[in-house]
Amino acid sequence: MLRAILTVLLAFFCFALALPPLMVGLIEREATPMSCANFDPSTARVWLSLDSCRLSWKEAGFARVGSTVTEVYVPLRATHQGDMREPIALVLASRRPAFLALGEALYAAQEGEGRLEGVLDTHQQLMDASETYSGLTRPRHALSSHEEAIIGALPSSHSPQLLVMDDASTPDLMSGVTFALAGFALLALAALQLRRSPRIRPPD
């Protein structure tokens, strides 16, 4: 009996893991397009495609292993929006090689303002780029403690509904289906275990 109960609990755990990617993939089906100027974190869908955006590199944060930047966290702002003038509502988490290279240079230049401006001038084309960014968003409560520390250290104020968008991410339907099938298989196993478990007979 105890083994069957544990199997049922494991099945529901698999269903819990399967639900988020299946919900996004089956309900939203594709990224919702909008401009950065119209982005509202309180009403935004999970899967977004944002245009007319620019990366605010002066406000960026970095994940590091030793002195190596492994991921950049850069606020996304509308093209007309100035740095640090409005609360951050959306942060792009990216591992693009070009972004990591700029992140390495910016992190190394944080010791002196002159060097920092030199890095920004060197990468001006990337700094001024305005393109479409897409991916799945996560609320702050879904971030790891390490990510939360990086976001919390960004120099500008944050919107209460701040979201982090994982660059170019899409719903992992295969994982969702796999976890769902595993959940059903475990429920079947639990039913089999219950049928095979010895029944306690009442005393005569």
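The following dialogue explains how to read several features of this predicted model.

Student: Which conventions apply to the model?

Tutor: The model is predicted: local features need pLDDT of at least 70, side-chain atom pairs count only at pLDDT 80 or more, and totals for chains, interfaces and linings use all residues. Residues are numbered from 1 along each chain as its sequence is written, and side-chain values use heavy atoms, with hydrogens and water left out.

Student: How many helices and strands does the chain have?

Tutor: Helices (H or I, at least four residues) and strands (E, at least two) are DSSP runs, numbered from the N terminus. Here the chain has 6 helices and 7 strands, in the sequence pattern α-β-β-β-β-β-α-α-α-β-α-β-α.

Student: What percentage of the residues count as buried?

Tutor: Buried means under 20% relative accessible area, exposed over 50%, and partly exposed in between (1.4 Å probe, protein chains only). Of the 204 residues, 41% count as buried.

Student: Where does Leu-19 lie, and how far is its C-alpha atom from that of Val-177?

Tutor: Leu-19 belongs to helix α1 (residues 2–28) and is partly exposed, at 49% relative accessible area. Its C-alpha atom is separated by 9.1 Å from that of Val-177, 158 residues away along the chain.

Student: What share of the contacts links residues 24 or more positions apart?

Tutor: Contact means heavy atoms within 4.5 Å. Among contacts in the chain with a separation of 6 or more, residues 24 or more positions apart account for 67%.
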